[in-house]
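Here is a short briefing on one protein model.

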Amino acid sequence: MKLSKLITLAALVAVGPAFAADKHAHAHEHESMHGGLVVEVKDVDLELVAKPDVIQLHLRDHGKPVDVTNGSAKLTLLSGTDKQEVELKPAGDRLEAKGSFKVGAGTKLVAVVTLPGKPSTTARFTLK
């Protein structure tokens, strides 16, 4: 009888982390606040707004804007066989670049965000 209880207990302990790793409700929403695409990385929401003449990256930590004053981001755009690299600089409460960008449907973007005192963050987006 004791052996079966021990096996049952061991099975419950082993299965517990699987339930914790399942998707669960967060205390914050991952909704677009600026009309862009939102991706969550390490509890930070990155919202990409990509237009043919401007690209913006908004960062929020649990719904509050992240200070990007001394930050930057390197953005790689992949559209078919074309590859374009863009440097985003602080512009108020966001990181931004102005120019001419190929941002049609299916364009893939990879952003590497650097903020002082924090490890760099990588986010991937696909435009619809």
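Which residues have the most contacts inside the largest nonpolar core? They are Leu46, Leu57, Leu59, Leu75 and Leu88. This is a predicted model: local features need pLDDT of at least 70, side-chain atom pairs count only at pLDDT 80 or more, and totals for chains, interfaces and linings use all residues. Residues are numbered from 1 along each chain as its sequence is written, and side-chain values use heavy atoms, with hydrogens and water left out.

**Fold**
- The protein has 1 helix and 9 strands. Helices (H or I, at least four residues) and strands (E, at least two) are DSSP runs, numbered from the N terminus.
- Along the sequence the pattern reads α-β-β-β-β-β-β-β-β-β.
- Take the contacts (heavy atoms within 4.5 Å) with a separation of 6 or more: 44% of them join residues 24 or more positions apart.

**Surface**
- The protein has 128 residues, and 31% of them count as buried. Buried means under 20% relative accessible area, exposed over 50%, and partly exposed in between (1.4 Å probe, protein chains only).

**Core**
- The largest nonpolar core has 25 residues. Such a core is a set of buried Ala, Val, Leu, Ile, Met, Phe, Trp, Tyr and Cys residues joined through side-chain atoms within 4.5 Å.
- Several strands each supply at least two residues of this core, among them strand 2 (44–50), strand 3 (54–61) and strand 9 (121–126).

**Leucine 48**
- Leu48 sits in strand 2.
- Leu48 counts as buried because its relative accessibility is 1%.
- Beyond four places in sequence, Leu48 contacts Gly36, Leu37, Ile55, Gln56, Leu57, Leu75, Leu109, Phe125 and Leu127.
- Leu48 and Leu109 are 61 residues apart in sequence, with C-alpha atoms 9.3 Å apart.

**Pocket**
- The lining of the largest pocket has 14 residues; Lys42, Val44, Leu115, Lys118 and Thr121 lie nearest the centre.
- Strand 2 and strand 3 each supply at least two lining residues.
- The lining divides into 8 nonpolar, 2 polar and 4 charged residues. Ala, Val, Leu, Ile, Met, Phe, Trp, Tyr, Cys and Pro count as nonpolar, Asp, Glu, Lys and Arg as charged, and the others, Gly among them, as polar.
- A pocket is an open set of points on a 1 Å grid over the protein atoms alone, where a 1.4 Å probe fits, with protein on both sides within 12 Å along at least five of seven lines; lining residues have an atom within 4 Å of a point.
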